[in-house]
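Please look over the sequence and the structure below before reading on.

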Amino acid sequence: MAELRLEELGAETAAAANNLTLKPGQEAFLEPETYEHLEQSLDPANSWPRVVREGDEVVGYIMGNFDPDAPEDFLRAAIWRIDVSGTAQGKGVGRFAVQAFADEARARGFHQATVVWAPGEAGPGRFFEAVGFKVVGQTPYGENLGALAL
Ligand SMILES: CC(C)(COP(=O)(O)OP(=O)(O)OC[C@H]1O[C@@H](n2cnc3c(N)ncnc32)[C@H](O)[C@@H]1OP(=O)(O)O)[C@@H](O)C(=O)NCCC(=O)NCCS
(Lines give C-alpha, C1' and ligand atoms only; values in the text may rest on other atoms or scores of the structure.)
Protein backbone atom coordinates (compact mmCIF):
# COMPACT_ATOMS: atom_id res chain seq x y z
CA MET A 1 0.00 0.00 0.00
CA ALA A 2 1.32 3.45 -0.95
CA GLU A 3 1.85 6.00 1.78
CA LEU A 4 -1.29 7.71 3.10
CA ARG A 5 -1.49 11.48 3.11
CA LEU A 6 -4.02 13.86 4.60
CA GLU A 7 -5.04 16.87 2.56
CA GLU A 8 -7.51 19.69 3.08
CA LEU A 9 -10.63 19.24 0.95
CA GLY A 10 -10.37 21.45 -2.12
CA ALA A 11 -12.07 22.10 -5.44
CA GLU A 12 -10.15 19.28 -7.08
CA THR A 13 -10.87 16.67 -4.41
CA ALA A 14 -14.48 17.56 -3.50
CA ALA A 15 -16.06 15.50 -6.28
CA ALA A 16 -13.83 12.51 -5.51
CA ALA A 17 -14.70 12.73 -1.82
CA ASN A 18 -18.42 12.88 -2.60
CA ASN A 19 -18.27 10.00 -5.02
CA LEU A 20 -16.39 7.44 -2.95
CA THR A 21 -18.04 4.09 -3.65
CA LEU A 22 -18.79 2.21 -0.46
CA LYS A 23 -19.57 -1.46 0.01
CA PRO A 24 -23.19 -2.58 -0.46
CA GLY A 25 -25.35 -1.73 2.55
CA GLN A 26 -22.97 0.85 4.02
CA GLU A 27 -24.57 3.95 2.50
CA ALA A 28 -27.38 3.87 5.06
CA PHE A 29 -24.86 4.44 7.87
CA LEU A 30 -23.15 7.44 6.34
CA GLU A 31 -25.23 10.10 8.06
CA PRO A 32 -26.75 9.19 11.42
CA GLU A 33 -30.20 10.66 12.02
CA THR A 34 -28.87 12.61 14.99
CA TYR A 35 -26.50 14.50 12.71
CA GLU A 36 -29.12 14.92 10.00
CA HIS A 37 -31.25 16.85 12.48
CA LEU A 38 -28.38 19.01 13.73
CA GLU A 39 -26.67 19.74 10.43
CA GLN A 40 -28.45 23.08 9.86
CA SER A 41 -27.14 24.43 13.15
CA LEU A 42 -23.47 23.86 12.29
CA ASP A 43 -21.27 26.82 11.52
CA PRO A 44 -19.19 25.99 8.40
CA ALA A 45 -16.34 27.97 9.97
CA ASN A 46 -15.96 25.14 12.51
CA SER A 47 -15.73 22.34 10.00
CA TRP A 48 -12.54 20.42 9.30
CA PRO A 49 -12.91 18.55 5.97
CA ARG A 50 -9.99 16.40 4.87
CA VAL A 51 -9.36 13.74 2.26
CA VAL A 52 -6.98 10.82 2.54
CA ARG A 53 -4.89 10.07 -0.49
CA GLU A 54 -3.14 6.81 -1.21
CA GLY A 55 -0.62 7.88 -3.83
CA ASP A 56 -2.65 10.10 -6.16
CA GLU A 57 -5.98 8.49 -5.46
CA VAL A 58 -8.54 9.89 -3.00
CA VAL A 59 -9.49 6.85 -0.90
CA GLY A 60 -11.13 8.44 2.14
CA TYR A 61 -12.91 11.46 3.51
CA ILE A 62 -13.30 12.74 7.05
CA MET A 63 -15.21 15.79 8.21
CA GLY A 64 -14.72 16.99 11.73
CA ASN A 65 -16.47 19.76 13.60
CA PHE A 66 -14.72 21.75 16.31
CA ASP A 67 -16.76 24.06 18.50
CA PRO A 68 -15.57 24.58 22.08
CA ASP A 69 -18.75 26.57 22.81
CA ALA A 70 -21.25 23.97 21.56
CA PRO A 71 -24.06 23.42 24.08
CA GLU A 72 -23.57 19.65 24.10
CA ASP A 73 -20.36 17.78 24.85
CA PHE A 74 -20.74 15.53 21.86
CA LEU A 75 -20.70 18.46 19.41
CA ARG A 76 -17.42 20.01 20.55
CA ALA A 77 -14.83 17.84 18.84
CA ALA A 78 -16.89 15.53 16.68
CA ILE A 79 -16.31 13.32 13.69
CA TRP A 80 -19.21 14.31 11.51
CA ARG A 81 -18.50 12.06 8.60
CA ILE A 82 -15.96 9.42 7.72
CA ASP A 83 -15.93 7.10 4.77
CA VAL A 84 -13.41 5.02 2.92
CA SER A 85 -13.73 3.71 -0.61
CA GLY A 86 -14.95 0.08 -0.55
CA THR A 87 -11.87 -1.17 -2.38
CA ALA A 88 -9.53 0.57 0.10
CA GLN A 89 -11.32 -0.57 3.27
CA GLY A 90 -9.63 -2.86 5.77
CA LYS A 91 -6.15 -1.43 5.13
CA GLY A 92 -5.89 1.20 7.83
CA VAL A 93 -7.24 4.24 5.95
CA GLY A 94 -10.06 4.82 8.46
CA ARG A 95 -7.68 4.44 11.39
CA PHE A 96 -5.28 6.94 9.77
CA ALA A 97 -8.12 9.47 9.35
CA VAL A 98 -9.30 9.07 12.96
CA GLN A 99 -5.74 9.49 14.22
CA ALA A 100 -5.36 12.68 12.19
CA PHE A 101 -8.62 13.99 13.62
CA ALA A 102 -7.52 13.07 17.16
CA ASP A 103 -4.17 14.85 16.65
CA GLU A 104 -5.97 17.97 15.44
CA ALA A 105 -8.40 17.88 18.36
CA ARG A 106 -5.54 17.48 20.84
CA ALA A 107 -3.66 20.37 19.24
CA ARG A 108 -6.78 22.53 19.68
CA GLY A 109 -6.90 21.66 23.37
CA PHE A 110 -9.75 19.13 23.44
CA HIS A 111 -9.58 16.17 25.80
CA GLN A 112 -12.08 13.96 24.06
CA ALA A 113 -13.26 13.23 20.54
CA THR A 114 -16.78 12.00 19.87
CA VAL A 115 -18.76 10.33 17.13
CA VAL A 116 -22.34 9.14 16.67
CA TRP A 117 -23.18 5.98 14.74
CA ALA A 118 -26.23 3.87 14.04
CA PRO A 119 -26.11 0.30 15.31
CA GLY A 120 -26.20 -2.49 12.73
CA GLU A 121 -24.22 -5.31 11.19
CA ALA A 122 -23.02 -3.30 8.15
CA GLY A 123 -22.36 -0.25 10.31
CA PRO A 124 -19.10 1.20 11.59
CA GLY A 125 -19.48 0.19 15.27
CA ARG A 126 -16.70 -2.37 15.37
CA PHE A 127 -14.40 0.01 13.53
CA PHE A 128 -14.92 2.83 16.03
CA GLU A 129 -14.37 0.44 18.93
CA ALA A 130 -11.21 -0.97 17.29
CA VAL A 131 -9.74 2.54 17.05
CA GLY A 132 -10.50 3.29 20.69
CA PHE A 133 -13.98 4.78 20.99
CA LYS A 134 -16.13 3.63 23.91
CA VAL A 135 -19.91 3.76 23.83
CA VAL A 136 -20.86 6.35 26.44
CA GLY A 137 -24.55 6.80 25.69
CA GLN A 138 -27.39 6.74 23.22
CA THR A 139 -28.93 9.61 21.30
CA PRO A 140 -32.70 10.19 21.21
CA TYR A 141 -32.68 8.39 17.86
CA GLY A 142 -31.30 5.21 19.40
CA GLU A 143 -27.82 5.76 17.99
CA ASN A 144 -24.55 5.13 19.78
CA LEU A 145 -22.60 8.00 21.17
CA GLY A 146 -18.89 7.15 21.25
CA ALA A 147 -16.07 8.97 22.98
CA LEU A 148 -12.31 8.68 22.64
CA ALA A 149 -10.12 10.08 25.40
CA LEU A 150 -7.29 12.17 23.94
C1 LIG B 1 -16.05 2.58 8.93
C2 LIG B 1 -14.95 2.77 7.88
C3 LIG B 1 -14.63 4.26 7.75
C4 LIG B 1 -13.70 2.00 8.32
O5 LIG B 1 -12.61 2.30 7.45
P6 LIG B 1 -11.45 1.25 7.12
O7 LIG B 1 -10.40 1.96 6.37
O8 LIG B 1 -12.02 0.04 6.50
O9 LIG B 1 -10.94 0.86 8.60
P10 LIG B 1 -9.45 0.38 8.99
O11 LIG B 1 -8.93 -0.52 7.95
O12 LIG B 1 -8.63 1.58 9.33
O13 LIG B 1 -9.76 -0.46 10.32
C14 LIG B 1 -9.28 -0.10 11.60
C15 LIG B 1 -9.66 -1.20 12.57
O16 LIG B 1 -11.09 -1.36 12.58
C17 LIG B 1 -11.43 -2.71 12.32
N18 LIG B 1 -12.64 -2.74 11.49
C19 LIG B 1 -12.94 -1.93 10.45
N20 LIG B 1 -14.14 -2.25 9.93
C21 LIG B 1 -14.58 -3.30 10.65
C22 LIG B 1 -15.75 -4.10 10.59
N23 LIG B 1 -16.71 -3.88 9.70
N24 LIG B 1 -15.88 -5.11 11.48
C25 LIG B 1 -14.92 -5.35 12.41
N26 LIG B 1 -13.79 -4.63 12.51
C27 LIG B 1 -13.63 -3.61 11.64
C28 LIG B 1 -10.28 -3.25 11.52
O29 LIG B 1 -10.21 -4.65 11.64
C30 LIG B 1 -9.10 -2.54 12.17
O31 LIG B 1 -8.77 -3.18 13.38
P32 LIG B 1 -7.23 -3.53 13.72
O33 LIG B 1 -6.45 -2.30 13.36
O34 LIG B 1 -7.29 -3.82 15.17
O35 LIG B 1 -6.91 -4.67 12.84
C36 LIG B 1 -15.39 2.20 6.50
O37 LIG B 1 -15.82 0.88 6.68
C38 LIG B 1 -16.52 2.98 5.85
O39 LIG B 1 -16.28 3.91 5.08
N40 LIG B 1 -17.80 2.58 6.14
C41 LIG B 1 -18.96 3.20 5.51
C42 LIG B 1 -19.25 4.60 6.00
C43 LIG B 1 -19.60 4.67 7.49
O44 LIG B 1 -20.29 3.84 8.04
N45 LIG B 1 -19.11 5.74 8.13
C46 LIG B 1 -19.37 6.02 9.52
C47 LIG B 1 -20.47 7.01 9.66
S48 LIG B 1 -20.82 7.36 11.39
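**The ligand and its surroundings**

An oxygen atom of the ligand lies 2.8 Å from a polar backbone atom of Gly90, a polar contact being a pair of N or O atoms within 3.5 Å. A backbone N or O atom of Gly94 is likewise 2.8 Å from a ligand oxygen, while for Arg95 a polar side-chain atom is 2.7 Å from an oxygen atom of the ligand. Of the 940 Å² of accessible area that the ligand has on its own, the protein covers 74% (Shrake-Rupley method, 1.4 Å probe).

The model is predicted, with local features requiring pLDDT of at least 70 and side-chain atom pairs counted only at pLDDT 80 or more, whereas totals for chains, interfaces and linings use all residues. Residues are numbered from 1 along each chain as its sequence is written, and side-chain values use heavy atoms, with hydrogens and water left out.

Around the ligand there are 19 residues, the closest being Ile82, Val84, Gly92, Gly94 and Arg95, where a residue counts if one of its heavy atoms lies within 4 Å. Of the elements in this shell, α4 gives the most, with four residues (helices are DSSP runs of H or I with at least four residues, strands runs of E with at least two, numbered from the N terminus).

Elsewhere, Arg50 lies in strand β2, residues 47-54, and is buried, with a relative accessible area of 16% (buried means under 20%, with a 1.4 Å probe and protein chains only). Beyond residues up to four places away in sequence, Arg50 touches Leu6, Glu7, Glu8, Leu9, Gly60, Tyr61 and Ile62, contact meaning heavy atoms within 4.5 Å.

Terms used: Buried < 20%, exposed > 50% of the residue type's maximum accessible area, 1.4 Å probe, protein only. Polar contact = N/O pair within 3.5 Å; in protein donor to acceptor, adjacent residues only side chain to side chain.
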